Amino acid sequence: MSEQDIIELLAHPMVRHMVRRLANQEARKVLLAKEEPQAPRGHVSIAKAAELLGYAEQTIRAYKSQAKLRGHRGWVSIESIERMKRQTGR
């Protein structure tokens, strides 16, 4: 097979479609492998806590460092989120 034949083969629409499909499948696998780990019981991620409270993630981290929110490292307890919701009326 000559270099020109290989170039024509790679440029063929069916081959390009197949390569794109395989690349998408591999990308999905990578994304699924990077899913958020399982939260400890009674906790949510900092991102989820920010979404629930309507604050930025950095604000949630600051509240954790100030002990306004509690939880394991990288996680926020649902109980402390509920307490803050009651206190702030959010």
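Analyst: Start with a rule. A salt bridge is a side-chain nitrogen of Lys or Arg within 4 Å of a carboxyl oxygen of Asp or Glu. Keep in mind that this is a predicted model.

User: Why is the pair E57 and R61 called a salt bridge?

Analyst: Compare the distance with the cut-off. The closest N and O atoms of E57 and R61 are 3.6 Å apart. The limit is 4 Å. The pair is within the limit, so the label holds. E57 and R61 are four residues apart in helix α4, so about one helical turn separates them.

User: What makes E57 and R61 buried, partly exposed or exposed?

Analyst: Partly exposed means between the two cut-offs, under 20% for buried and over 50% for exposed. E57 has 37% relative accessibility, so E57 is partly exposed. R61 has 45%, so R61 is partly exposed too.

User: How many salt bridges are there by this rule?

Analyst: The count comes to three. One of them joins K29 and E26, at 3.3 Å from N to O. Another joins K48 and E51, with the closest N and O atoms 3.5 Å apart. Each of these distances is within 4 Å, so each pair passes.

User: What separates K29 from E26 along the helix?

Analyst: About one helical turn, because K29 and E26 are three residues apart in helix α2, residues 13–33. K48 and E51 are also three residues apart, in helix α3, and about one helical turn separates them.

User: Why is K29 called exposed, but E26 partly exposed?

Analyst: Exposed needs over 50%. K29 has a relative accessible area of 52%, so K29 is exposed. E26 has 45%, so E26 is partly exposed.

User: Which labels do K48 and E51 get?

Analyst: K48 has 35%, which means partly exposed. E51 has 58%, which means exposed.

User: Now the inside. What makes up the largest nonpolar core?

Analyst: Twelve residues: V44, I46, A49, A50, L53, Y55, I60, Y63, L69, V76, I81 and M84. Helix α3 gives the most, with four residues.

User: Why is that set called a core?

Analyst: Each member must be buried, under 20% relative accessible area. Members must also be joined through side-chain atoms within 4.5 Å. In soluble globular proteins, nonpolar side chains tend to be buried together.

User: Which residues does V44 touch, beyond those up to four places away in sequence?

Analyst: V44 touches A39, A49, W75, V76, I78 and I81.

User: What is K64 in contact with, leaving aside neighbours within four places?

Analyst: K64, in helix α4, is in contact with L69, G71, H72, R73, G74, W75 and V76. K64 and V76 are twelve residues apart along the chain, and their C-alpha atoms are separated by 7.9 Å.

User: What stands out about phi of A67?

Analyst: Phi is near 65°, a positive value in a residue other than glycine. A67 lies in the loop between α4 and β2. A67 has 39% relative accessible area, so A67 is partly exposed.

User: Where is the nonpolar surface patch, and why is L10 called exposed?

Analyst: M1, I6, L9 and L10 make the patch, about 440 Å². L10 belongs to helix α1, residues 3–11. L10 has 53% relative accessibility, and exposed means over 50%, so the word applies.

User: How far apart are M1 and T88?

Analyst: In sequence, 87 residues; in space, 72 Å from C-alpha to C-alpha. T88 is in helix α5. T88 has 40% relative accessibility, so T88 is partly exposed.

Technical notes:
Residues are numbered from 1 along each chain as its sequence is written. This is a predicted model: local features need pLDDT of at least 70, side-chain atom pairs count only at pLDDT 80 or more; totals for chains, interfaces and linings use all residues. Side-chain values use heavy atoms; hydrogens and water are left out. Patches are made of residues with over 30% relative accessible area and no salt bridge: like charges are joined within 9 Å, nonpolar side chains (Val, Leu, Ile, Met, Phe, Trp, Tyr) within 5 Å. Accessible areas come from the Shrake-Rupley method with a 1.4 Å probe; for residues, only the protein chains shown count as cover. Helices (H or I, at least four residues) and strands (E, at least two) are DSSP runs, numbered from the N terminus. Buried means under 20% relative accessible area, exposed over 50%, partly exposed in between (1.4 Å probe, protein chains only). Contact means heavy atoms within 4.5 Å.
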